[in-house]
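Here's a quick briefing on how the inside of this protein is packed. Have a look at the structure first, then we'll go through it topic by topic.

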Amino acid sequence: MGATLKDATAIAGIGQTPFARQLPESEKTLACRAIVAALDDAGIAPSEVDAFASYTMEETDEVEIAKAIGAGDLTHFSKVGFGGGGSCATVAHLAAAIATGQASVGVAWRSRKRGSGPRPWKNTQVQLPTPGQWTRPFGLLRPADEIGMLARRYMHEYGATRDHLFNVALACRNRANQNPAAMMYERPLTREMYMTARWISEPLCLFDNCLETDGALACVVVSAERARDCRQRPVYVHSAAQGLPAQHHGMVNYWTDDPLTGPAWTAARHLWKGADLGPQDVDVAQIYDAFTPLIPLSLEGYGFCGRGEGAAFTEGGALEIGGRLPLNTGGGGLSEAYVHGFNLINEGVKQLRGTSTAQVPDAATCLVTAGEGVPTSALLLRS
């Protein structure tokens with residue numbers, strides 16, 4: 001058998017800034033604060049950092065961050081594309097580098113001023129990429145429009161309703177109401193509020209869409225052996241995967257036989273193949289929730305239920321604490337903060353340390369996923 005990532009590395013430290021619609025600090029300052037906080041959490045000096053991983057959409061670069069925090073010589077640095085699809089892959093890249101001896105202390109981060117900054121689709125000066133030429137001229141201007149179309153197809157095919165999407169929004173909001181760091185901490189959600197909210201892109205209303213957030217998060221990855229000597233209880237990277245299916249077209253998935261079989265299915269096959277565990281062994285999940293329909297699509301893709309059963313899975317409080325699969329226990333992108341999914345990674349670590357504000361009793365395994373609908377990634381964490 002070849003080399004494996006299974007439990008070879010661990011997340012030893014996590015850090016974050018406050019989350020808000022508008023923060024005064026620059027993205028670089030926010031990034032440095034989150035990274036230094038994560039290193040302090042692990043009990044590791046910045047001078048020991050020799051690897052970085054982030055997103056291609058990250059505006060802060062390794063050179064400036066390394067100088068600002070006082071990192072040592074870097075022997076590995078990588079960036080992952082496709083926005084929220086890259087979140088878990090940043091940790092996976094560091095895990096691979098550390099497990100193969102390319103580095104010893106890795107930092108992954110995302111810093112973003114999406115709340116106070118411009119909306120990416122507003123820039124009309126740049127030529128559309130080829131995929132965009134098949135969507136933007138026909139009114140699919142924003143990610144919400146593209147996912148809205150997929151959601152409508154899903155509802156038509158499988159009988160999903162807005163009540164199912166509300167189940168997702170409510171579970172995330174309920175967890176945010178327990179989390180003082182969440183943007184929606186003191187703002188409960190009711191069914192009436194949801195059903196009467198304004199449309200963003202029908203059938204998606206305001207509460208089906210993620211927040212717009214300024215903030216930053218980071219985590220520290222080291223070998224499993226090193227992690228056992230760090231300040232915090234190690235959270236092991238049991239399995240990791242990326243997924244880009246054949247003939248994929250971002251968000252809308254035009255060219256495949258089934259547009260509702262997204263990148264999650266590809267990532268999941270590889271994730272479970274490299275694991276000693278299966279979906280039935282997952283105690284808690286942090287599933288990427290830029291839009292509520294991504295939850296039922298991901299539940300199916302990662303094997304928690306059958307094809308077309310993701311909507312029904314959400315019924316009966318299944319996503320709440322004590323339900324079949326408690327998820328997004330910090331509030332997720334819908335109600336804690338939207339920083340391209342990095343808060344889901346940190347929340348997974350908190351669950352397995354036993355320090356979440358909405359702790360699942362005796363949680364020992366956590367699935368964390370990146371953005372569905374785009375080339376994606378996933379982590380299976382264990383304590």
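**Around helix α9**

Just past α9, Gly303 adopts a positive phi of about 90°. Keep in mind that this is a predicted model.

- Helix α9 covers residues 294–301, and eight of its eight residues are buried, so the rest of the structure largely encloses it.
- The buried set in α9 is Leu294, Ile295, Pro296, Leu297, Ser298, Leu299, Glu300 and Gly301.
- Among the elements covering those buried residues are α4, α5, α8 (263–273) and α10 (310–313).

**Helix α5**

- Helix α5 runs over residues 162–176, 15 residues in total, and spans 21 Å from its first C-alpha to its last, close to the 21 Å expected at 1.5 Å a residue.
- Of the 15 residues in α5, 12 are buried, so this helix too is largely enclosed by the rest of the structure.
- Its buried residues include Arg162, His164, Arg173 and Arg175, along with Leu165, Phe166 and Val168.

**The nonpolar cores**

- The largest nonpolar core holds 62 residues, and Ile11, Val91, Cys219, Val368, Leu379 and Leu381 have the most contacts inside it.
- Helix α4 (residues 143–158) supplies the largest share of this core, with six residues.
- Another core lies apart from that one; this other core has 30 residues, including Ala20, Ala31, Ala71 and Cys230.
- Leaving out residues up to four places away in sequence, Val91 touches Ile11, Cys219, Val221, Val237, Ile345 and Leu379.

Methods
Residues numbered from 1 in each chain as written. Predicted model: local features only at pLDDT ≥ 70, side-chain atom pairs only at ≥ 80, totals over all residues. Heavy atoms only, no water. Core = buried A, V, L, I, M, F, W, Y, C linked by side-chain atoms within 4.5 Å. Buried < 20%, exposed > 50% of the residue type's maximum accessible area, 1.4 Å probe, protein only. Helix = DSSP H or I, 4+ residues; strand = E, 2+ residues; numbered from the N terminus. Contact = heavy atoms within 4.5 Å. Expected span 1.5 Å × (residues − 1).
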